[in-house]
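Hi everyone, thanks for coming. Let's have a look at the structure on the screen together.

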Amino acid sequence: MFREHSNGTAVAVKKLSRTKEGMWEFAEKSRAIAGMKHSNIVTLIGCCVGNNQLLLIYEYIGTNTLEDALFGSNDELRARLDWPTRYRICLGLAEGLAFLHEGSKQEIIHGDIKPANILLDDDLNPKIYDFGFARLYHKQRPEGTMSYTALEVKDRPLEASADVYSFGVVTLIIVSGMKIKNPRPGGETEYLVDEAQKKDQRGTLMELIDRNLRYDWEEAQMILRLAIQCIDSPSVRPTMSTIVKILKKEDSIETILIKPEGV
């Protein structure tokens, strides 16, 4: 990704290298989603094809990602991630995904939701980046990305519920301030998703919350329970529009916690 100027306006340009056949597939897809606008997605302005490269041209938001804010070296940026800001980021991410799934003319599954694909503007509003190419990327994702991805996607086509799972994982990261993988003494690795599910079963889920935060207990309890529901089996995951209503406190979390019979 690099920055260019077009007619005095800053844009972000991403280079992709593909086979000629794959190049046109990406180009056709980019034309279909170009111009889509929502306050929580990065707008794809257009694309250029040539010399075995595809250039995707996005609006320029900046270079800070959620991953940078949580785990980067900028202490001042991380200090701005207080409880209200983290809650607002979760809500904005949910609203952006709900738009991609249900608010646009076509259902768009992101397929790779993770902190590195969530840009933050100057006011720390989240902007979802690199959407619309999930099915084309599907067989090319590195192992690290798979840590954020629901297990069922290995055996079946991507569905919106896979983004819900990834949203749940990212929410756990935002609320806990922990990485997806954390080293433990003895060379073992602790996985955040596994630890969250264990704590939920033990009734100690609130222990996950970042100890540096001053937070609203009811909000924190609700958002953690919501995240746990999102990383459950596909049949009981809520839709992103339902998640938005819960985070806006228009619906109660209790409405999604009753599992269907046989699940």
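I'll go through a helix pair, a hairpin and some backbone angles.

Quick ground rules: this is a predicted model, where local features need pLDDT of at least 70, side-chain atom pairs count only at pLDDT 80 or more, and totals for chains, interfaces and linings use all residues. Residues are numbered from 1 along each chain as its sequence is written, and side-chain values use heavy atoms, with hydrogens and water left out.

Okay, helices. Helices (H or I, at least four residues) and strands (E, at least two) are DSSP runs, numbered from the N terminus. The axes of H4 (residues 83–103) and H7 (residues 160–176) come within 11 Å and cross at roughly 170°. Those axes are lines fitted to C-alpha atoms over the stretch in contact, with angles from 0 to 180 degrees between N-to-C directions. So H4 is roughly antiparallel to H7, a label for angles over 145 degrees. Contact means heavy atoms within 4.5 Å, and the residues making it include Trp-83 and Leu-97 of H4 and Phe-167 of H7.

Leu-44 has Tyr-58 in E4 as its bridge partner. Two residues sit between the strands, and Asn-51 in the turn has a positive phi of about 55°.

Most residues other than glycine have a negative phi. Still, Leu-124 has a positive one, near 65°, and Lys-249 is at about 65°. Buried or exposed, which is Leu-124? Buried, at 3% relative accessibility, as buried means under 20% and exposed over 50% (1.4 Å probe, protein chains only). Lys-249 is exposed, at 52%.

Key: Two strands pair if DSSP finds at least two bridges between them. Angles under 35 degrees count as roughly parallel, over 145 as roughly antiparallel, 65 to 115 as roughly perpendicular and the rest as oblique.
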